[in-house]
Amino acid sequence: MADKNGPDGTGETGRGKQHEADIRDDDLERRRRDLEASLATRRPDRLEGKDGAKAGSAAGYGQALKLSSEFIAGIVVGVGIGWIIDRLAGTSPWGLIVFLLLGFGAGVLNVLRSAGLMAEFGQRDKPRDPKE
């Protein structure tokens, strides 16, 4: 009795190993083909291979470079204006500190505008009520 380890005590785990394996393989293959067909109809814009992934990553790198350069430019312009004011007015380091913070704020604002998360200046969805 110790040798019998199947669910029904006979030592076998099913009706037949070969027949059951063929049915499972055929069923799995049919289900895989159905899933591929379903996915193909849901995403027709996807390209076969890696060409689409390369184009998407290149566009992503371009967008990241654009946003980071706009942010850095805002900070650099703020620091430059602050440094010039400190040299002309003799207020070192206060002009540099104030305009560094203003440049940081301008850089963040430029990034938000470029990313499309904020409306351009003067554009609104609805007109403002003059009585407000």
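These are my notebook entries on a predicted model of one protein chain.

**Ground rules.** I number residues from 1 along each chain as its sequence is written, and my side-chain values use heavy atoms, with hydrogens and water left out. Since the model is predicted, local features need pLDDT of at least 70, side-chain atom pairs count only at pLDDT 80 or more, and totals for chains, interfaces and linings use all residues.

**Entry 1: the overall fold.** I started with the secondary structure and found three helices and zero strands. Helices here are DSSP runs of H or I with at least four residues, strands are runs of E with at least two, and both are numbered from the N terminus. Along the sequence the pattern reads α-α-α. Helix H1 covers residues 17-42, helix H2 covers residues 51-89 and helix H3 covers residues 94-115.

**Entry 2: surface and contacts.** Next I looked up how much of the chain is covered. Of its 132 residues, 7% count as buried. Buried means under 20% relative accessible area, exposed means over 50%, and partly exposed is in between (1.4 Å probe, protein chains only). The chain exposes about 11600 Å², and carbon and sulfur atoms supply 60% of that. These areas come from the Shrake-Rupley method with a 1.4 Å probe; for residues, only the protein chains shown count as cover. I also checked contacts (heavy atoms within 4.5 Å). Among contacts with a separation of 6 or more, 43% are between residues 24 or more positions apart.

Entry 3: How many salt bridges does the structure hold? I noted four. The term means a side-chain nitrogen of Lys or Arg within 4 Å of a carboxyl oxygen of Asp or Glu. One of them joins Asp27 to Arg30, with the closest N and O atoms 2.6 Å apart. Those two are three residues apart in helix H1, so about one helical turn separates them. Arg30 also meets Asp34 in a salt bridge, at 3.4 Å from N to O. Here the spacing is four residues, again about one turn of helix H1. I wrote down that Asp27, Arg30 and Asp34 are linked in a network. Each member is partly exposed: Asp27 at 29% relative accessibility, Arg30 at 41% and Asp34 at 44%.

Glu29 and Arg32 form another salt bridge, with the closest N and O atoms 2.4 Å apart. They sit three residues apart in helix H1, so they too are separated by about one helical turn. Glu29 is partly exposed at 32%, and Arg32 is partly exposed at 38%.

**Entry 4: Asp86.** I moved on to helix H2, where Asp86 is found. Asp86 is buried yet has no salt bridge. Which side chain of opposite charge is nearest to Asp86? I found Arg87, 7.6 Å away. For charge, Lys and Arg count as positive and Asp and Glu as negative, while His and the chain ends are not counted. The side chain of Asp86 does make a polar contact with the side chain of Thr91, at 2.9 Å. A polar contact is a pair of N or O atoms within 3.5 Å; within protein, one must be able to donate a hydrogen and the other to accept it, and residues adjacent in sequence count only if both atoms are side-chain atoms. Leaving out residues up to four places away in sequence, Asp86 touches Thr91, Ser92, Pro93, Trp94, Gly95 and Leu96.
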